[in-house]
Amino acid sequence: KAFGIDELSPLLAHERADVRAQAAEAVAAYSSTDDGVAALVAAADALLPGLVSLLGRAEAEAAGHAAAALVNICSSADGSAAAVGAGVFKAAVAQLDSGSAEVRERCTMLLANLTNPSLVDATHLLRGGSLDSLLAAIFTASATERPSEGRVSEAPATLEHLVSALCHVASTDSGRGELLRHARALPLLQALVALLSPGHPLLPAAARTLRNLGFSAAPGAGGRAALEALLRKEGEWLVSALAAPLAPHETGEKTSGCLYEAEERAAFAPPLRAALEAAEARRAAMPLADAIAAIDSSGGAEARLALTEALLLLSASEDACAAMRSAGVFPVLRESRSLLLLSEDETHRPVVEANERLVSAFHLQAGGTTHAPQPSAPRGQFVWEKEDAAREAAAAAGAA
């Protein structure tokens, strides 16, 4: 028999486990289409209590179907609002240590939806220990989940959704404040930095999250005092971690006519020097063409922009500027810009522009770096610069 939506609500609380599981499976099936989601949202007051109850039961099959249905219901703003009122967020957080991998993964997907600021105001969701549970789950997943062997492009599922939820939280002023004031803010930053390794599938998501946290450097921003305290204590480490993935590596060929001089390397702060040397050791055999191809990949370009923007946002804080100068990041920015210019790819235009604004912000306005500025070496033009110049010349000729 095919049950209507109005008939499913009592079956979700049926005395028999198999009936409960079948009812949850039917709700999940309804939620697989936009029309079905709309119908479920319309019946949310009757359905959600039963789905929430199943999520908390030690019945993996029924809980898995309930979680799948809730993920789809919460993909809409109306569904998310109804779910928040029904206690879905708290129920999902409680299942982050569930014995069922399927239930855990679907609950992390649910949290990613319920922290999405385009769907729901997540500020009130981070009270009463929920943020503690979210961070604990991230620490556990980041320590245990790795990309599958031979499948580096595949992100570890649970960690992927948790980082997405974290990125959503960090996209709001109040969420950034909660994260930066949290007692485990530094371990959180360390967990995100660990995802910045080349080729990690979560590199772009981690970079975006760190970029979002950088907004707290602005005067009056939520968590600014906590961020500045972190910068005074761990500033060199943090800016080094953000800058290191931007650096080109030694290939046996000069990528810009001049990589780091001996005195520049000697002036790098230990965290930056260690990060650069580790990256160079990993990529020493990579040809220049492969290096450029990696930078030109969509994930690499996105991460590069987010990390450059993170440093740019942090430059609103003098503590961050001091850390950048102390760490000696200017040569890294110089070489990063040179390699992007060499690639002649228009997708790098925003990165180059952010790089140049950053250098202006902390190098020219904030007292300089540990290295004297050097005149820019003559260079060719980006493809887009050549096209812009040709259009301008044609327009001028037409006007004449």
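**View 1. Lining of the largest cavity in the predicted model.** Leu-180, Leu-189, Leu-210, Leu-213, Gly-214, Leu-227, Leu-238, Leu-242, Ala-310 and Leu-314 line the largest cavity. A cavity is a set of points, on a 1 Å grid over the protein atoms alone, where a 1.4 Å probe fits but cannot get out; lining residues have an atom within 4 Å of a point. Two or more lining residues come from each of helix H13 (203-214), helix H14 (224-243) and helix H18 (298-314). Helices are DSSP runs (H or I, at least four residues), numbered from the N terminus. The volume of the largest cavity is about 80 Å³, where a volume is the space filled by probe spheres set on the points, and points are joined across faces, edges and corners. The count is one cavity of 30 Å³ or more. Nine lining residues are nonpolar, one is polar and none is charged. Here Ala, Val, Leu, Ile, Met, Phe, Trp, Tyr, Cys and Pro count as nonpolar, Asp, Glu, Lys and Arg as charged, and the others, Gly among them, as polar.

The model is predicted, with residues numbered from 1 along each chain as its sequence is written. Local features need pLDDT of at least 70 and side-chain atom pairs count only at pLDDT 80 or more, while totals for chains, interfaces and linings use all residues; side-chain values use heavy atoms, with hydrogens and water left out.

View 2. The side chains of Arg-208 and Glu-302 form a salt bridge with an N to O distance of 2.4 Å. Because Arg-208 lies in helix H13 and Glu-302 in helix H18, this pair ties together parts that are 94 residues apart in sequence. A salt bridge is a side-chain nitrogen of Lys or Arg within 4 Å of a carboxyl oxygen of Asp or Glu. Arg-208 is partly exposed at 27% relative accessibility, and Glu-302 is partly exposed at 34%. Buried means under 20% relative accessible area, exposed over 50%, and partly exposed in between (1.4 Å probe, protein chains only). The structure holds 13 salt bridges.

View 3. Arg-176 and Asp-173 meet through their side chains at 4.0 Å, N to O. The two residues are three apart in helix H11 (residues 173-181), which means a separation of about one helical turn. Arg-176 is buried, at 8% relative accessibility, whereas Asp-173 is partly exposed, at 37%.

**View 4. Salt bridge between Glu-59 and Arg-57.** The N to O distance in this salt bridge is 3.4 Å. Glu-59 counts as buried, at 18% relative accessibility, and Arg-57 is partly exposed, with a relative accessible area of 36%.

**View 5. Ser-100 and helix H8.** Ser-100 sits in the loop between helix H7 (88-94) and helix H8 (101-114) and is buried, at 17% relative accessibility. A polar atom of the Ser-100 side chain is 3.2 Å from the backbone nitrogen of Val-103. Val-103 is one of the buried residues of H8, which also include Cys-107, Leu-110 and Asn-113. The 14 residues of H8 reach 20 Å from first to last C-alpha, close to the expected 20 Å; the expected span is 1.5 Å times one less than the number of residues.

Key:
Polar contact = N/O pair within 3.5 Å; in protein donor to acceptor, adjacent residues only side chain to side chain. 1 Å grid on protein atoms, 1.4 Å probe; cavity = no way out; pocket = protein on both sides within 12 Å on 5 of 7 lines; lining within 4 Å.
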